[in-house]
Amino acid sequence: MRSMLAATLIVAGAATLAAHGANAAPKQTAAAPPAAQTPAETAKTLAQGERQAIQSDLAWTGDYNGLINGEVSDRMIAAIKQFQTNQGHKPTGVLNPQERGQLAEAARRLQASVGWKLVSDPVTGARVGVPTRLVPQQASDGNGTRWSSSTGTIQVALSRRKEADVSIAKLAEQEKKEPGRKIEYSAIKPDFFVLSGTQNQKKFYIRGSFKDAEVRILTVLYDQATEGTMQPVVVAMSSAYNPFPGGVQAGPPPRKKVEYSTGTIVGADGAILADREAVEGCLSIVVAGYGPADLADRSKEHELALLRIYGASELKPLPIGGGAAKAGAVEITGVADPQSQGGGAAVTTVKAQLTVAGTTGGLVVTPPPSLGFSGAPARDAEGRFAGLTTLRLPLVAGAADGAAAQATLITADTVRSYLTGVGVKPAEVTTKDAKASVVRVICVRK
């Protein structure tokens with residue numbers, strides 16, 4: 001545990017010519033093969049948000065005990081190998097799409113098992129991740145908020161107080177002197193301090209900061225018998241903790257004022273299928289190349305929305321009849337966010353794998369496609385419609401702007417059921433190219 005907290009919380013050729021005699025013609029040897037890319041080099045090709053999500057997921061599975069910051073390190077590569085070994089796979093240090101899906105699902109199961117939730121505490125103003133199933137009891141007063149288990153074996157406390165002429169070192173010394181505390185690890189940084197050890201037979205972790213003469217402290221206490229459960233939770237809490245978030249609310253980042261997604265043409269009369277969340281709360285909706293669109297219907301049950309454009313001709317509906325989504329290779333056709341393609345609006349196709357989520361039975365898309373692909377259709381190896389892709393920003397420990405979105409599939413059966421319910425007859429004829437059937441959807445919010 002000491003090493004975990006220390007690592008987690010401290011912002012921590014050319015061809016050769018050989019001559020055979022003086023007059024012999026030179027002999028050229030074969031060029032040496034290029035060096036294979038190392039796991040660290042491969043990891044660096046991923047977006048920082050995806051690397052951060054991988055670190056967070058590995059922390060939840062208990063394989064990673066480093067800082068969750070998206071930076072590639074030997075510790076991160078070793079954690080990937082450990083996860084692969086635990087899964088009975090070859091420890092390459094590079095996650096293939098199936099392994100990435102398994103890791104994400106394992107982390108989601110663990111988060112669900114403890115009731116992980118990011119909250120903004122109205123008393124202290126701090127933001128923290130709370131394992132609500134482990135500490136369901138909550139109480140607040142003027143000094144802070146406390147969560148605890150029914151028996152008191154696990155306790156989480158956020159506290160605040162005013163204190164002038166204070167320093168991080170002075171705060172740490174004050175906390176060290178609390179009765180019953182045996183310090184096993186301490187660290188003093190310019191903007192925070194960390195203490196861990198035992199306190200009256202319990203394990204504890206403390207992180208304190210101050211700003212504008214106000215001190216805010218996170219304290220976690222838990223029985224040593226719960227250490228196996230609490231280790232990854234403490235890693236996640238330390239990563240998610242933000243004592244002075246500056247008004248930023250917990251949970252996913254605020255919706256952008258202008259957001260891009262993909263629409264799928266499903267009717268020659270102007271019916272377009274979209275991801276419900278991508279068009280939620282729009283002041284106006286525009287389909288690129290066609291103009292304003294009406295939000296004809298939205299269904300939270302199906303996670304789908306129906307848009308309609310008028311006066312358009314020669315629309316090419318995507319055939320979505322027959323077949324059922326299943327695990328395996330798919331091709332996803334969509335319009336990436338302008339920032340992902342230098343301001344462009346090209347329709348592109350990417351390859352991915354569908355894997356079955358263990359707890360829900362849903363289908364996970366790995367690797368997730370770029371932002372803008374939410375609502376993009378996926379087709380299997382036979383060219384049959386498999387479903388629509390949705391992208392959601394995960395509630396990773398320490399979630400930050402730029403975190404990679406996680407992708408799932410709304411299955412073909414669900415899509416067909418929804419369209420039948422809103423009176424749209426799905427097209428049946430197969431086609432080899434889906435690019436003519438997708439459009440960019442632009443949502444403008446307040």
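In this predicted model, helix α8 is followed by Gly423. The phi angle of Gly423 is positive, near 80°.

Helix α8 itself spans residues 412-421. Five names make up its buried set: Ala412, Val415, Arg416, Tyr418 and Leu419. Viewed down the axis of α8, these buried residues fall within an arc of 165°, so they line one face of the helix. Thr420 and Gly421 lie on the other side of α8 and are exposed. The buried residues of α8 pack against several strands. These are β13 (271-275), β16 (294-299), β17 (304-308), β22 (385-392) and β23 (406-411).

A helix-helix contact was also examined. Two packed helices are described by the angle between their axes and the distance between the axes. Helix α3 covers residues 48-60, and helix α4 covers residues 74-86. The two pack at an angle of about 55°, and their axes are 10 Å apart.

On the α3 side, the contact is made by Arg51, Ile54, Gln55 and Leu58. Helix α4 contributes Met76, Ala79, Ile80 and Phe83. By class, the residues of this contact between α3 and α4 divide into six nonpolar, one polar and one charged.

Technical notes: Residues are numbered from 1 along each chain as its sequence is written. This is a predicted model: local features need pLDDT of at least 70, side-chain atom pairs count only at pLDDT 80 or more; totals for chains, interfaces and linings use all residues. Side-chain values use heavy atoms; hydrogens and water are left out. Axes are lines fitted to C-alpha atoms, for helices over the stretch in contact, and angles run from 0 to 180 degrees between N-to-C directions. Helices (H or I, at least four residues) and strands (E, at least two) are DSSP runs, numbered from the N terminus. Contact means heavy atoms within 4.5 Å. Ala, Val, Leu, Ile, Met, Phe, Trp, Tyr, Cys and Pro count as nonpolar, Asp, Glu, Lys and Arg as charged, and the others, Gly among them, as polar. Buried means under 20% relative accessible area, exposed over 50%, partly exposed in between (1.4 Å probe, protein chains only). The arc is that of the directions from the helix axis to the C-beta atoms.
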